[in-house]
Amino acid sequence: MQCVVCLFFSVQIVLPPTEAQSKYSRPCLDSATRCVSLFFYPGSLLLSQFMVWGDVFRHREEFTIELALKKCSYSFGATLTKGILCNWLVCMAVWQGNAAQDVTGKLLGIWFPISAFVTMGFEHCIANQFLRKCGLQLTRVV
């Protein structure tokens, strides 16, 4: 549900400028939101399972488990604020990516906001789903 709410707000922020520029229509964005909502969670579960099977976290199990526990221990207000700030930076990345004319500009426009929210530890629902699942799976392995 959290994922659907985040995606809904992202679409609502991006929709007015894209409709004004006639880039995308509301039905197109609505179907994209439904598709993404349907496949994000199973995809994060599958990816975390493959990474555990592939022994990607060797010698980093404790760090990953500790990080997953920290992500689950914040207060509701702190988590909501970090989620809003993350969503703001993701929308900024989408706008900059759409505004750039060449591939280099698109990559740079997306890179800096995404790097910023990862570095600052903001809450991203899909990344958190992946991390929680990895933490749970690694507790069984350790």
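A salt bridge here is a side-chain nitrogen of Lys or Arg within 4 Å of a carboxyl oxygen of Asp or Glu. By that rule, the structure has three of them, and they make a handy way in. Side chains of opposite charge can pair when their charged atoms come close.

Before we start, note that this is a predicted model, in which local features need pLDDT of at least 70 and side-chain atom pairs count only at pLDDT 80 or more, while totals for chains, interfaces and linings use all residues. Residues are numbered from 1 along each chain as its sequence is written, and side-chain values use heavy atoms, leaving out hydrogens and water.

Here are the salt bridges side by side.

| Salt bridge | N to O distance |
|---|---|
| Arg 58 and Asp 55 | 2.3 Å |
| Glu 66 and Lys 70 | 3.6 Å |
| Glu 123 and Lys 71 | 3.6 Å |

Let's take Glu 123 and Lys 71, which meet through their side chains. Glu 123 sits in the loop between helix H5 (103-120) and helix H6 (125-141) and Lys 71 is in helix H3, so this pair ties together parts that are 52 residues apart in sequence. Helices are DSSP runs (H or I, at least four residues), numbered from the N terminus. Are these two partners buried or exposed? Buried means under 20% relative accessible area, exposed over 50%, and partly exposed in between, using a 1.4 Å probe and protein chains only. Glu 123 comes out at 5%, so it counts as buried, and Lys 71 is buried too, at 18%.

Helix H3 (residues 61-71) also holds Glu 66 and Lys 70, which are four residues apart and so about one helical turn from each other. Glu 66 is partly exposed at 44%, and so is Lys 70, at 43%.

In the remaining pair, Arg 58 has a relative accessible area of 47% and Asp 55 one of 35%, which makes Arg 58 partly exposed and Asp 55 partly exposed as well.

Finally, Leu 46, Phe 50 and Trp 53 make a nonpolar surface patch of about 380 Å². Leu 46 belongs to helix H2 (residues 26-53) and is partly exposed at 47%. Patch residues have over 30% relative accessible area and no salt bridge, with nonpolar side chains (Val, Leu, Ile, Met, Phe, Trp, Tyr) joined within 5 Å and like charges within 9 Å.

Notes:
Areas by Shrake-Rupley, 256 points an atom, 1.4 Å probe, with all protein chains shown as cover. Helix = DSSP H or I, 4+ residues; strand = E, 2+ residues; numbered from the N terminus.
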